[in-house]
Protein chains: 2
Amino acid sequence: MDYDAVADAFVKHYYNVFDTNRSQLFTLYQNESMLTFEGEKMQGPQNIQAKLSGLPGVTKHAVTTVDCQPSGPSGGLVVFVSGSLRADDDQPLRFSQMFHLMPTQNGSFYVYNDIFRLNYG
Amino acid sequence: MDYDAVADAFVKHYYNVFDTNRSQLFTLYQNESMLTFEGEKMQGPQNIQAKLSGLPGVTKHAVTTVDCQPSGPSGGLVVFVSGSLRADDDQPLRFSQMFHLMPTQNGSFYVYNDIFRLNYG
């Protein structure tokens, strides 16, 4: 498997959905999926969607770096993203985010772990 | 298992070894372990140790945030760290780093995935 290609395609898809069709992000998560957003923890597509839908503004993510590695015998991969995030006309903020993607039964991937942090200072 | 306690203890230990006894970092990795350092990929304790030993200066890491989540049926956990890193008397640089820790047979953990990025801009 070409992990880099999977990671690049996922990252492109994820932030495109986030920025243009945010209410559909839940489709990328399953019941055991976890999100830690600026230290706040939630689990499952509904809770994760509620959190992400509640974030203010129209967002625009610009990705700077994407790193990935296979994550072990489960057939997943870890993806580490850095970039900047602009909400409406605010100043862009730098962020880092990691995803642990796991294979689905139909050969696709879903987000098992998702940790997001703004980079201050 | 108290994942937060494991993550906190690991992070404290990892950066303490890095800053005070860097030549022993290889003990935290196994043959399948991967490091991506500023986009450069390497695998295995020897290659990872060679890279980390080659970084210049006496380092001092200061951790700002530690987030963690269980990573699935393998019994591992993902750990996401942000902080700052000072080499000798240089200006401190902000960094983000993620670890995927896997259990060892004796009930400890080793680093399976390690991705490091400086936060520019």
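**View 1. Chain B laid over chain A.** In this predicted model, a rotation of 180° with 0.0 Å of shift along its axis puts chain B onto chain A (RMSD 0.0 Å), with least-squares fitting on C-alpha atoms of residues with pLDDT of at least 70 in both copies. That's the relation of a two-fold axis. The copies meet through the same surface, because 100% of the interface residues of chain B are also interface residues in chain A.

**View 2. The sheet of chain A.** Here 6 strands make an open sheet in the order 2-1-6-5-4-3, with mixed pairing; strands are DSSP runs (E, at least two residues), numbered from the N terminus, and two of them pair if DSSP finds at least two bridges between them. Strand 2 (40-43) and strand 3 (59-70) of chain A sit at the edges with a single partner strand each, so one side of each has no neighbour in the sheet.

**View 3. Arg117(A) meets Asp67(B).** These side chains form a salt bridge at 2.8 Å, N to O (Lys or Arg side-chain nitrogen within 4 Å of an Asp or Glu carboxyl oxygen). Arg117(A) is in strand 6 of chain A and Asp67(B) in strand 3 of chain B, so the pair joins two chains. Arg117(A) is buried at 14% relative accessibility, and Asp67(B) is buried at 5% (buried is under 20%, exposed over 50%, partly exposed in between; 1.4 Å probe, protein chains only).

**View 4. Lys41(A) meets Asp4(B).** Another salt bridge, at 3.3 Å, N to O, links these two. Asp4(B) is partly exposed at 36%.

**Notes.** Residues count from 1 along each chain as written, and chains are lettered from A and ligands numbered from 1 in written order. Local features need pLDDT of at least 70 and side-chain atom pairs 80 or more, while totals for chains, interfaces and linings use all residues; side-chain values use heavy atoms, leaving out hydrogens and water.

How values were computed:
Helix = DSSP H or I, 4+ residues; strand = E, 2+ residues; numbered from the N terminus. Contact = heavy atoms within 4.5 Å.
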